[in-house]
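The sequence and structure come first.

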Amino acid sequence: MDLFNFKMPEQFIIMNNPLIIGAWISIILASVGIVFFVTKYKKWGYLWREWFTTVDHKKIGVMYILAALLMLFRGGFDAILMRTQLALPDMKVLDAQHYNEIFTTHGTIMILFMAMPFIIGLMNVGVPLQIGARDVAFPVLNAVSFWLFFVGAMVFNLSFVIGGSPDAGWTNYVPLSGSELTPGVGINYYLWGLQIAGIGTLATGINFFVTILKMRAPGMTLLRMPMFTWSTLVTSVIIIFAFPVLTITLALLTFDRLFGAHFFTIDAGGMPMMWANLFWIWGHPEVYIVILPAFGIFSDVISTFARKRLFGYHAMVISMVAISGLSFVVWVHHFFTMGNGPWINSIFSITTMLIAVPTGVKVFNWLFTMYKGRIETPAPMLWSLAFIPNFLIGGVTGVMLASAPADYQYHNSYFLVSHFHYVLIGGTVFGCMAGLYYWWPKIFDFKLNERISKWAFWIFIVGFNVCFLPMYLVGLQGMPRRIYTYKAEMGWTMWNFVQTIGAYLMGIGFILIVWAIIYSIRHEKRDRSGDPWHGRTLEWAIPSPPPHYNFSRMPSRITSADPYWDAKKRGESMFDENEPLKPIHMPNNDGMPIVMSGFMFIAGFGFVFEWLLIAFIGLLGVIGTMVWRSFKDYDADHYVQVEEIERDQAELQASLEGRS
Amino acid sequence: MLPFRKGAWKWLAVAGMMMAILSGCEPIKTGVLNPKGPVAQQQYDLIVWSAVLMSIILIVVFVLFVVIMVRFRASKLSKDYEPPDEKGNTFLEIVWTAIPVLIVIAIGIPTVTTTFDLEKSPSPNKKPITIEATSAQWKWIFKYPEQGIETVNYVKIPANVPVRFKLSSHDAMNSFWVPELGGQEYTMADMPMTLWLEADKPGKFQGRGNNFTGRDFAKMVFTVEAKKQSDFDSWVAQIKKTAPKQSEKEYKKLLKPGTVGLQSYSSYPKSAEVKNPNMPGMNHGGMDKDEMKDMPGMDHSKKKKDDKKKDDMEDMPGMDHSKMKDDDMDSEKD
């Protein structure tokens, strides 16, 4: 360990490929363009006050979702490149190294920098409104979570152009990812991008756990919480238990790589298989972290658009808790083929299959929510409906994979690849889309355009199945994942070509979704009244967008899990209008999170390049900002005065009258 | 937009998906669905059994889904239809909890029995042959301890004879997979594991490394040729007679990262024998218990001697791993 050793990687600035040069050009153009326009229109102050220092959960949610969409673009572009390379045998679009980097970044980005922030963004937008809270329990910590995630994502994405990307797969198995077999900075980028973002996620878990337990409106008992809030509570518990494992695991490999420790090395008593265990002890709960909130979204959306109360609310809660428990006792099924012995494999086969039981209960309860309902199919419902058959395909193949001896034949093949894309896209991505469409007219005062959105939906759904159904077949034909090319005589060509067509269709679907957003921002009808879907839960009882304090009066008539629906049935308001307005206690904006995360970026960059002096300066900065913040704690909150609340209400009234 | 509004495409898409799932598996007759030995056959049977059960679930849910979507679309219902306010139905919910449990039992039992079966020789009354398969970046090395020969990137086995593959890795973890003969097992450094395979009849099969190992992972394919016992014996004799001997140096060179073509050797150096694990007392399930007894010793001091990293570290006081290791071992043996 030498503080002043500034060793350079083989290549600092990556320029060896036309694609990467293209990326450089677009990064520089985009950065210059952003700086130019923000400066020209004098928006720096606005950005700093309203976004960079905000602690408002709705704005943080929007930033999370925006970042997730950007990462979806990056990860999706990786996917398109891979599918292009595999469209035909012996293609030369990507060389082996480049392909290996791209499948690694695709997986890592999609799980950790797309699915996670998308889900957490929706939690931020939805949960406080659903439980009648004015913000989360720890608003500044929430901003810290976001900026740590953002910095983690930036560190990870930087690898593409500076120093070289990680190339050992998103599972990053040792000994391949150890410093002997993969020297250089790529794996360090993986370790530090995930480490920084992971700390932010852990804080999010604690934050939402406390928020939901402590900040519900009067009358909202645990068993009257909306299903999305329930799923967030359960997810928070999983995060709190699973993410420390990731933190430790990444730290151990960091010690191996940077300081010559031997936790995972082949020799000197290290245990490579321990990585697989630790990684999946975090990794399996992790996939439930991204799927359970999606289940919550589907529950809320389906009961809203079937115009019917959720079927079997208690069973839905119990099954979710059961899934969260099982999620911690199935991790070995990711490596049945590592010689665990028949007893271990048998037990983990059974625990894995058992997950089908609570999940099956949920599927039938969703179906029977719609049974005898009055089903309408706007965009959020379309994504929720598509989820049921697609996720089911992923689910039943999951049960097949759970059978250890059969898994000997599926493991690491395209059968597996197809399975997890069916559950992750069919579950999480569809859920994110449903949630985005569902809450968009709550975050803003307009819906997303239905016509473009339906085109986007159908092209994406068709593309998705065209891309991934054939993967089951090539998988059974013996095609392994993570190969950058194949020979024509393997007989995989036709299905691979079909898959590539599907991937391009999904790309078009994504572009159309972005187009729907842009089009709607400019053309869609504005409506601030706040209940565009005839919603059932609290968030629809307040105007769109809600004032920054969410509720001018606290909701007071919560007697069921569908309080707003019931109130509307009774012809009542959720709020006691006779109650006089009172000043509202709210948190102040704070610059600490973004500054601290900036130092974290410096620390991360230093550790990636093993420039320890810079790394320690960054860490000192992180600690310094925390100390600084602790001294300005008296400046953390303020009261929103009654006059301001009245002004907001008058403004809303004017807008509603102007509309009619 | 018209067809979308009518919803016809949705049903077409759903029907298409079902047909693809149900019928799609039929035309393929290579790989996993083309078992050519008892191990692959057993796994194939399990796959088909679970696929049948899963298809039943798929059909039930898809039919329910379609029926509900058709019957209860808002556009199909009268204007004043008001959905009932029902909380749930305990009986129904118990039914659809119980059915998945039964299905789990139906798949679980053959899963467990097969899991234990695969630990044993597929044909216990036949005398097996042992072949050591070692993965290195980016080639497969096959050693025949009984015959004393070595091949690279191809392997020949006697048909109708159970083969005990002793799997290990020189560096990164790989996975040894010959789909038509049976499922895979990982190759790991310092943790040799056993995989039983057997070919029913003579034939040629594609095998490959199935766990990512870096740059030329895609090229880690090998052919497995099952021959009649007499043909196999004469092939061994021919290798013994015509192929060169492999020196220590040549073997070391072979292990260095890179790709090579097919190679054959009439002998291999002692250091090439599959190393035994370095952790006494660790029970690696995949390993033969009786083999553990006659493990000569955990000799890995030789390993990675030429590694440059090691040189740096040997300067550090107290960091001499090779020495530390041996001391540890000695005390444990006592």
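## A strand pair and its sheet

In this predicted model, Thr134(B) stands opposite Ser168(B) in β5(B). The pairing around them is parallel: strand β1 (residues 129-136) of chain B and strand β5 (residues 163-169) of chain B are joined over seven bridges. Helices (H or I, at least four residues) and strands (E, at least two) are DSSP runs, numbered from the N terminus; two strands pair if DSSP finds at least two bridges between them.

Both strands belong to an open sheet of six strands in chain B, with the order β8-β5-β1-β2-β3-β11 and mixed pairing. At the edges are β8 (193-197) and β11 (263-265) of chain B, each with a single partner strand, so one side of each has no neighbour in the sheet. Neighbouring strands of this sheet are turned against each other by 20 degrees on average, direction ignored (axes are lines fitted to C-alpha atoms).

## Basis of the model

Residues are numbered from 1 along each chain as its sequence is written, while chains are lettered from A and ligands numbered from 1 in the order in which they are written. Because the model is predicted, local features need pLDDT of at least 70 and side-chain atom pairs count only at pLDDT 80 or more, whereas totals for chains, interfaces and linings use all residues.

## Domains and annotations

Chain B is divided into domain 1 (7-77 + 88-117) and domain 2 (129-272), with bounds from an automatic or database domain assignment. Their C-alpha centres lie 38 Å apart. The contact takes 10 residues from domain 1 of chain B and 12 residues from domain 2 of chain B (in contact: C-beta atoms, placed from the backbone, within 7 Å).

An unreviewed UniProt entry places "domain: Cytochrome oxidase subunit II copper A binding" at residues 126-238 of chain B; such annotations may be inferred rather than shown by experiment. That span is 9% helix and 53% strand. The UniProt annotation "transmembrane region", also from an unreviewed entry, covers residues 46-70 and 91-112 of chain B. Residues 46-70 of chain B are 100% helix, with end C-alpha atoms 36 Å apart; residues 91-112 of chain B are 100% helix too, with ends 31 Å apart.

## Contact with chain A

In chain B, 88 residues are in contact with 81 residues of chain A. α3(B) gives the most to this side of chain B, with 14 residues.

Key: Axes fitted to C-alpha atoms, helices over the stretch in contact; angles between N-to-C directions. Contact = placed C-beta atoms within 7 Å.
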